[in-house]
Structure formats: structure tokens, C-alpha cells
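Thanks for coming. I will go through one structure this morning, and I will keep to a few sites in it.

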Amino acid sequence: MMSIRVGGVCDPGSTRINKTGGWRTFRPVYDYDKCVKCKLCELLCPDMSVLEREDGYFQFDYDFCKGCGICANECPKGAISMVLEEK
Amino acid sequence: MNFLFKSGHRGCAGCCDAMVAKFTLMAAGENCIVVSPTGCLEVMTTPYPESAWGVPWIHSLFENAASVASGIEAALKAMGKDDTKVVAIGGDGGTIDIGMRAISGAFERGHDITYVCIDNEAYMNTGVQRSGATPYDASTTTSPAGAISFGNKRPKKDMPAIMAAHGAPYIATTSLGYPKDMIKKIKKAIDVEGPTYIHAHAPCTTGWGFDSSKTVEVAKLAVQTGLWPLYEMENGEITSVKKIGKQKKPVEDYLKMQRRFKHLFTKEGGDEELKKIQAIADENIVKFGLE
Ligand SMILES: Cc1ncc(C[n+]2csc(CCOP(=O)(O)OP(=O)(O)O)c2C)c(N)n1
Ligand code: SF4
Ligand code: SF4
Ligand SMILES: [Mg+2]
């Protein structure tokens, strides 16, 4: 049985146990030749699924990305395409 | 970047509420306590026993986020913890309709809080019912367009003006289409002492009926058409306005992207309605000097 803490307190950021990547129909994919590292995709992603790499480019966190397509729609360089997930 | 708003929340793909919450925490930083009323934001960020918030967060009732924020602020003051900021963040229904009495009281008493209203222009969490923020002619489940109706009959309630009438030292409108504008204004609101109000326009993929990839695009069009003017008010005076100048677009560009306005393009008499909505935008352009 689940025990309830005093005040019903939950841990910060604990939704991260819920991997939302399975919601995806389309998967965002980078074309690093086009990316200018403007950081817009990182800023806009509603699911914090754009992670900065050491070289300043980004990679997707497919554990959480829901495939909304905002990053691809907004990228000023057209460096992100959405491809159908195949399961 | 390590964002204080975390993944795993249950917001729809392309969720507007999630974006505004993310930007709000980017502006507020770690040292804050957040209060949210009932609504999509609360439901999708805190399915018990989880929380998407990387900071202390508390759920009030639907109607009293501003009262709970007031109490927290008063307690922090009494404890001498003045540097911890109190931020209330909730939907348009929870803020400008059922929360009106609570926010009015908090602002009149002068608590040092910042209130962010996420305006997705209806009661989304319960299935897209009309609110006081629903715009003219939008079809919702309680203002459906049909054989004899073009949808919502009333214009949007002018909440920023109502908050200005309370003597608030800082009020700003913003939009998730302009994240840097939003973060800058929320930061400023938090830094200004006293009750401050941010009204954030937030297009909802599910409730408005557009593809999840278009949340930001639709938000920008609301601003570029003049239907959602971005401005700051300090001590009751407008002190800055985002000009739209050459970017100015006809209201059709914004409306035609959304299912809630589809009837304006398919129903007889829609042309006349479009003219009325263009007149609302034109009035804003003159009133706020957007050109
Ligand atoms: C007193 C009370 N009345 C009604 C409800 C049901 N209810 C829960 S969320 C909600 C709508 C929230 O709308 P809004 O504040 O605009 O936030 P959104 O979900 O659109 O982000 C309603 C009516 C409630 N929880 N409490
Ligand atoms: S598709 Fe949506 S959820 Fe996935 S990385 Fe892009 S913006 Fe984030
Ligand atoms: S219904 Fe709208 S506001 Fe609610 S979670 Fe989905 S996108 Fe966000
Ligand atoms: Mg709402």
C-alpha cells in the first residue's frame, strides 16, 4: 500500500519516472550540417527533451520527447525533420 | 541547460501551459515558492505522488491561488526570509473568473507576490468551456458555433486594466511566442516590490484545434495581427509597447489556423464577422500605438 507523507509532500522533479517518449508518433532528427547552435529548440521544447552536447550541438532525449514538432517547426535553419516512428 | 521545470509531466504534446511554466521558472530561479490553482497546469504537473516542479510548489483550490500566495508571502516576511519569491501561476479561468475575488484582495492588500496568468482562453482541463478570456466568435463547448451562432458573443475581459486599477506597480502582457520577452518581464515583475501581474497569452493545441507543432507559430500570429498587444504598465502608465510595424498581418492569418474559428470561413455571414474581428485588431493598433 502507498504511504502518504505528512502534507502529501512529493519529491521535486519526480515526474521523471514517467517516460513520455512512448507518446511519440513522429521523431525529431537533427541535420547537424544545418544547425547554427542558436539554442531555440532547447528554449522552446515543452518537455525539456533537447539536451546540449559538449560540442554545443544538441541531441534529443527520446525518453521524454513527445514528438510535438515545435522544435522542427521553429528551427530557423530547417535543421530538424520529423520522421515517422517505426515500432 | 538544467531547467527547473522537469520532463515526465502529462501535458499534451506541444502544451502551452508547460512552456509558460518552464519560462516562469527560468525567470524566477531556485529561490521561489510556486502556487497553482486547479487547471491543466496543476493536473498535468502533479499527478500524485509526482511533481514536475524543481522548486517548492503548492496546489490551492481553483479559486484562491492568490490568497494562498498572500499567506505564504506574509509567513516568509514574518520569518525574515524576504529573499524567497512567491509566484502564483494558473489558468485564465482560475485567475480572471473564479479567482477574481482572491486576486483582487491580494493586490489591494499589497502583498509582494507575482501572479502569472496563463491565458489559453477557455477552461481547458474540464473540456474547453468558455471563460471571460475567450475571444469574440470562438467556438467552445459552452459557446458552440452552429446554425444560428458564430460562437462566443462577448469580447475578452480586459484583465490587465482591472489589475492596473488596483494600483499594481508592474503589469505586463506577454506571449509564449516571444519567450525572451516573457522571461524578461517575469524577472522584472518578481524584482519589483509589491503585487505584480503578468498576463501570458498561450495557444492550446487541444482546445483551439491546431497541430501540436504550431503552438509558437499561432502565438506569434496573435501578436503580429494586433489581436494580442504586448505592453508593460508601470504604476498605471504604459511604459513600453512591442511594435508590430511591417510584420502586421490580417486577422485571417491567425484565425484560419484554428478549428475554433473554422465556422468563420465556412458559414454564410462569416465575412461580416471577420470584419468585426479585424476591427478589434485595428482598435488595439491605434489604442496601444502598435504601428
Ligand atoms: C470550485 C471548483 N469549480 C470547478 C472546478 C473544476 N475545474 C477544474 S479545472 C477547471 C478549468 C480550469 O480552467 P483554467 O483556469 O482556464 O485553466 P486551464 O485548464 O485552461 O489551463 C475547472 C472548471 C474545480 N476544480 N473547483
Ligand atoms: S518534438 Fe517536441 S517534445 Fe520532441 S524535442 Fe522537439 S519540441 Fe521537444
Ligand atoms: S489541453 Fe491545452 S493547456 Fe491542457 S495540457 Fe493540453 S495543451 Fe496544455
Ligand atoms: Mg484556461
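The shell around ligand 1 is made of 6 nonpolar, 8 polar and 3 charged residues. Before I go on, please keep in mind that this is a predicted model.

Which residues come nearest to ligand 1? Of the 17 around it, they are Cys40(B), Gly93(B), Gly94(B), Ala122(B) and Met124(B). If you look at which element supplies the shell, the largest share is from helix 4 of chain B, with 3 residues.

Now the contacts with the backbone. Cys40(B) has a polar backbone atom 2.8 Å from an oxygen atom of ligand 1. For Gly93(B), a backbone N or O atom is 2.9 Å from an oxygen atom of the ligand. Met124(B) also places a polar backbone atom 2.9 Å from an oxygen atom of ligand 1. As for cover, ligand 1 taken alone exposes 600 Å², and the protein buries 75% of that.

Are Asp92(B) and Ala122(B) buried or exposed? Both are buried.

Let me move to an arginine. Arg260(B) is in the loop between helix 10 (251-255) and helix 11 (263-266) of chain B. Its relative accessible area is 4%, so Arg260(B) counts as buried. What does the side chain of Arg260(B) contact? It makes a polar contact with the side chain of Gln258(B), at 2.7 Å.

Last, a helix. Helix 7 of chain B covers residues 179-191, which is 13 residues. From first C-alpha to last, helix 7 reaches 18 Å, close to the 18 Å expected at 1.5 Å a residue. Its buried residues are Pro179(B), Asp181(B), Met182(B), Ile183(B), Lys185(B), Ile186(B), Ala189(B) and Ile190(B). Note that Asp181(B) and Lys185(B) are on that list.

That is the end of my tour.

Definitions and conventions
Residues numbered from 1 in each chain as written. Chains lettered and ligands numbered in written order. Predicted model: local features only at pLDDT ≥ 70, side-chain atom pairs only at ≥ 80, totals over all residues. Heavy atoms only, no water. Helix = DSSP H or I, 4+ residues; strand = E, 2+ residues; numbered from the N terminus. Expected span 1.5 Å × (residues − 1). Buried < 20%, exposed > 50% of the residue type's maximum accessible area, 1.4 Å probe, protein only. Near = heavy atom within 4 Å. Polar contact = N/O pair within 3.5 Å; in protein donor to acceptor, adjacent residues only side chain to side chain. Areas by Shrake-Rupley, 256 points an atom, 1.4 Å probe, with all protein chains shown as cover. Nonpolar A, V, L, I, M, F, W, Y, C, P; charged D, E, K, R; others polar.
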